[in-house]
Amino acid sequence: RVYYSIHPQHTNDDPNFPFQMDPNTGILSTRQGLAQADLDREAKPVIVFSIVAANIPPPYNQSLPNLSATSTVVVRVSDANDNPATLTISRSDATVQFEEDDAFI
């Protein structure tokens with residue numbers, strides 16, 4: 001039998017770690033109750049962590065003989081339009097002289 005988990009160094013250091021792994025299937029998903037801010041591309045565009053497959057379930061007891069393998073996961077966070085464009089000016093007037101060069105409005 002094989003048990004799957006995210007390496008404890010990631011989940012122990014960060015209570016808001018955005019991912020969870022099913023120990024029986026190895027399916028990786030976003031954590032239940034995940035807030036959109038926990039996956040913010042502007043704050044952290046790449047998340048790197050390790051996953052473990054072992055013949056004993058976590059927490060791992062180093063005194064027990066076990067077989068295990070680790071792999072690195074790299075998640076590149078896409079940008080959702082979580083901050084829609086807004087225009088705070090309701091009206092604006094500008095004047096440009098006729099035939100004026102390099103005028104910007």
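1. Buried means under 20% relative accessible area, exposed means over 50%, and partly exposed lies in between (1.4 Å probe, protein chains only). By that rule, 17% of the 105 residues of the protein chain count as buried. The accessible surface of the chain comes to about 8400 Å², and 50% of that surface belongs to carbon and sulfur atoms. Accessible areas come from the Shrake-Rupley method with a 1.4 Å probe, and for residues only the protein chains shown count as cover.

2. A word on the model. It is predicted: local features need pLDDT of at least 70, side-chain atom pairs count only at pLDDT 80 or more, and totals for chains, interfaces and linings use all residues. Residues are numbered from 1 along each chain as its sequence is written, and side-chain values use heavy atoms, with hydrogens and water left out.

3. The fold. Helices (H or I, at least four residues) and strands (E, at least two) are DSSP runs, numbered from the N terminus. Contact means heavy atoms within 4.5 Å. Among contacts between residues at least 6 apart in sequence, 46% join residues at least 24 apart.

4. The core. A nonpolar core is a set of buried Ala, Val, Leu, Ile, Met, Phe, Trp, Tyr and Cys residues joined through side-chain atoms within 4.5 Å. The largest one has eight residues: Ile6, Phe17, Phe19, Met21, Ile47, Phe49, Val73 and Val77. Strand S2 (19-21) and strand S4 (46-54) are the elements that give two or more residues to this core. In soluble globular proteins, nonpolar side chains tend to be buried together.

5. The aromatic pairs. Rings of Phe, Tyr and Trp (its six-membered ring) pair if their centres lie within 6.5 Å; planes under 30 degrees apart count as stacked, over 60 as edge-to-face and the rest as tilted. The count comes to three aromatic pairs. Phe17 and Phe19 make an edge-to-face pair, 6.0 Å centre to centre with 70 degrees between the planes. Phe19 and Phe49 are stacked, because their centres are 5.4 Å apart and their planes are at 25 degrees. This second pair links distant parts of the chain: Phe19 is in strand S2 and Phe49 in strand S4, 30 residues apart. Phe17, Phe19 and Phe49 form one aromatic cluster.

6. Around Phe49. Phe49 has 1% relative accessibility, so this residue counts as buried. Beyond four places in sequence, Phe49 contacts Ile6, His10, Phe17, Phe19, Leu28, Ser71, Thr72, Val73 and Val75. The C-alpha atoms of Phe49 and Thr72 are 5.8 Å apart, although 23 residues separate the two along the chain.

7. Around Phe19. Phe19 is buried too. Leaving out residues up to four places away in sequence, Phe19 touches residues including Leu28, Arg31, Leu39, Ile47 and Val75.

8. The salt bridge. A salt bridge is a side-chain nitrogen of Lys or Arg within 4 Å of a carboxyl oxygen of Asp or Glu. The structure holds one. Arg41 bridges to Glu42, with the closest N and O atoms 3.6 Å apart. Arg41 is partly exposed at 32% relative accessibility, and Glu42 is partly exposed at 45%.

9. The surface patch. Patches are made of residues with over 30% relative accessible area and no salt bridge; like charges are joined within 9 Å, nonpolar side chains (Val, Leu, Ile, Met, Phe, Trp, Tyr) within 5 Å. Val46, Val48 and Val74 make a nonpolar patch of about 220 Å². Val74 lies in strand S5 (residues 68-76) and is partly exposed, at 44% relative accessible area.
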